[in-house]
Amino acid sequence: MLIENITGKRLWRGVHVPEFKEQTCHLPIRRLPFAPMLVVPLSQHTGAPAVPIVREGQEVVRGEPIAEAGGFMSVPMHAPATGRVERIALAPSARGDLTRAIYIRPYASASQEVLYGAPQDIDRMTPDEIVRAVQATGVVGLGGAAFPTHVKLKVPEGKRIDTVVVNGCECEPYLTSDHRVMVEYPKEVLYGARVAMRAVGAARAIVGVEDNKMDAVAALKKARGAAQDIKIEAVAAKYPQGAEKMLIKVLLGREIPSGGLPSDIGVGVFNVATLAQIGELLPQRQGLIERVMTVSGPGVTRPGNYLVALGTPIRWILEQAGCTDQATSVILGGPMMGASIGSFDVPVTKGVTGILVLTNRESDTRVFPCIHCASCVTICPMHLNPSQLGMLARKERYEEMAAEYHLNDCFECGCCSYVCPSHIPLVQYFRVAKQTLRKAKALA
Amino acid sequence: MNTTVIEVRTSPHLHSGHSVDAIMRNVVYALLPICAYSVWLFGISALLLIATTTAACVLTEHILCRASGKPSSIGDFSVVITGVLLGLILPPGLPLWMACVGAFIAVAPGKMLFGGLGFNAFNPALVGRAFLQAAFPVAITSYTPALAMHRFTELIPSTLAWPLMKSPPLTDWIAKVRVDAFSGATPLMLQKFEHISTDPWTLFLGQRAGSAGETPALLILICGAYLIARKMMDWRIPVAMLSSAFLFSALFHLANPARYPSPWFMLFSGGLILGAVFMATDPVASPVTPLGMWIYGVSMGLITILIRLLGGLAEGVMYSILLGNALSPLIDKFAQPKPYGASKKVAI
């Protein structure tokens, strides 16, 4: 046991965060009813927004395309429910600004069954056909990044991918949606992984699952059987292992070069929920219209994992799951990297892994000067120097931060802010610094 | 639910729960057993000394904060550490007025002038002691025997000396109260000037003359281990400094065993253990990068040994740490960590 602890695959940096997963990790996925109005933003992913192909007043069937991809770096949208397109107008988004969205009023009798779609034979498809078919499903990275999956499946010229890494870490506290997907849909996950392997031309896949989800490991192993192409590895739980750079390093010992992509070192990384959706939708030529998310946190009365139609307003979900009046903050995603929202009217999009309702007040936290305790430096998973970066940020020496202290390698995991005994909002400093530099670059 | 007011804030939304004042408070807790041992070893004079330096330091910081129109920062407990540490590194019989001067120098120019907590370039307690060493070279090297008779009922005569007056000579008093084996000189002084060696075991357990709190090596190590276990102190600096001091003194000892004492003696004598565990680790004045901490610790261990064995002073811990503090920014500049993925930079 001890030997295994020392020699087992693990993340050396990072932090042990309290998990808070026991509230929801045993609860099966349940489907929520349709909200009275579904708001489907046209930009739910990284890249160009989708282009609407329906008009106001038109009837749509659940699963039918309602917007087409606005280029290769974009995906189509599908109607989450059978109903009528009320209007195409601005809607609040998690980032705070307004974005264009298609408002659909589901019919009172609308069924949850998806009748739209037609079977297709994936085994006969070429890699390029798979890429196009995946784009048509509208699937993007469901781990939170919402990066179009088909773009990752298209191997760039001159590069070769030998390994598909399947990310089942789910290292963020509270979140258990990936966990439940692995337990309840292991066949779909593995099927999705094999589709990805065929598309990128990789001979093997490794599924990385944190060792606090051994039932997921067991379910995946059972579904895999004796097949040799997919390896399932339990890795010691630690945040931020679910970041692709970390997981690749832990599983394969390879480092993505600064500013590079996994494909630079022959790896393609996909989240388990993404692959499960591909495994389920692709054979039926259907589109992504709902996703599993964890609704949890101290302010939720009926926490659980819910299958929610895309476009459902947060207000509706919290009404269904119950929200106490002690709520002080609502977070989309995990508590380490998730964004807090300013309006309950924000709709659920493809990248939302969970909704957390927190009850602590942050406004009375006292901020001390940096005492150089070095906690942030010794835990930064990217081996940066957040202490020094923070001091430069205070003086707004942003260029120096980027040029000499590798500011742009920071992926904002939040470990430094988490450990800082002076409660310095380091990650926020770095976000502002990066944004300012981006703007300056755009103006130049 | 419509009446609920929600805060919009930035990630991360969780925090480890560590805070500066809690860390500082725990360092004070970790120093208390050492204070207690000091009082047992040297009597009520040590108690008065530690209480005086602490009170003087706290008062100085409070007054200076108020004078500059800022809220008092004594609530973060960092100045309490400075006060207690200063008491622990002074000879137990030091006149209290000198202790007050040292406390004022430690806090006023040593800390507040730089901008208070987080900005002091040097360990404030050591700044105070360095000043006293320069100003009162005799008093700061006048050590009294450990376990003296009547130590719980009588003060060491020099303790209550009048300010700016010559303090009463201690030789007669020492002759009167000493218990057989213990004289007033510290083991390092005995070694350096009289070539009398002290058994490392005695040093390890701490029943010897010396500064008020530097003697109990074992106890100091335990208290440091408590802070390291609670993740309130980094282990690299004490480990680096102690192992480098041990290693370099072992080299000297192997080269000339007759002239240079054993590495165990060097490790447990003087203020090395207290300095390495509680002074060199002052986060503000030490490097932040892991490699920097190793360089810092190793060089302090080396300098300590060089001063002790080749220099004119019996003890070199204070100057080696102050020198290390001065070098910290430079060390940090050259010991930046190598970022993940930096070796093969891709042009974007």
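Residues are numbered from 1 along each chain as its sequence is written, with chains lettered from A and ligands numbered from 1 in the order in which they are written. Because the model is predicted, local features need pLDDT of at least 70 and side-chain atom pairs count only at pLDDT 80 or more, while totals for chains, interfaces and linings use all residues.

**View 1. Confidence in the complex and in chain B.** The predictor gives the complex an ipTM of 0.87 and a pTM of 0.90. The mean pLDDT of chain B is 89, and 95% of its residues score at least 70. Here pLDDT is the predictor's confidence in each residue, from 0 to 100. Residues 344-348 of chain B fall below 50. Beyond near neighbours in sequence, that stretch has nine contacts in the model. Two residues are in contact if their C-beta atoms, placed from the backbone, lie within 7 Å.

**View 2. The fold of chain B.** Chain B has 14 helices and zero strands. Helices (H or I, at least four residues) and strands (E, at least two) are DSSP runs, numbered from the N terminus. The radius of gyration of chain B is 22 Å, close to the 20 Å of the globule rule for 348 residues, so the chain is as compact as a globular protein of that length. The radius is taken over C-alpha atoms, and the rule is 2.2 Å times the number of residues to the power 0.38. Of the 348 residues, 52% count as buried. Buried means 20 or more other C-beta atoms within 10 Å of the residue's own, all placed from the backbone.

**View 3. Helix 4 of chain B.** Helix 4 covers residues 96-107. Its buried residues include Leu96(B), Met98(B), Ile105(B) and Val107(B). The buried residues pack against helix 2 (44-67), helix 3 (78-88) and helix 5 (124-135) of chain B.

**View 4. The side of chain A that touches chain B.** Contacts join 54 residues of chain A to 39 residues of chain B. Elements giving two or more residues to this side of chain A include strand 15 (329-332), helix 10 (375-379) and helix 14 (426-443).

**View 5. Domains of chain A.** The assignment, automatic or from a database, gives domain 1 (2-25 + 140-284), domain 2 (32-117 + 287-358) and domain 3 (375-443). The C-alpha centres of domain 2 and domain 3 of chain A lie 32 Å apart.

Methods
Buried ≥ 20, exposed ≤ 12 C-beta atoms within 10 Å, placed from the backbone. Expected span 1.5 Å × (residues − 1).
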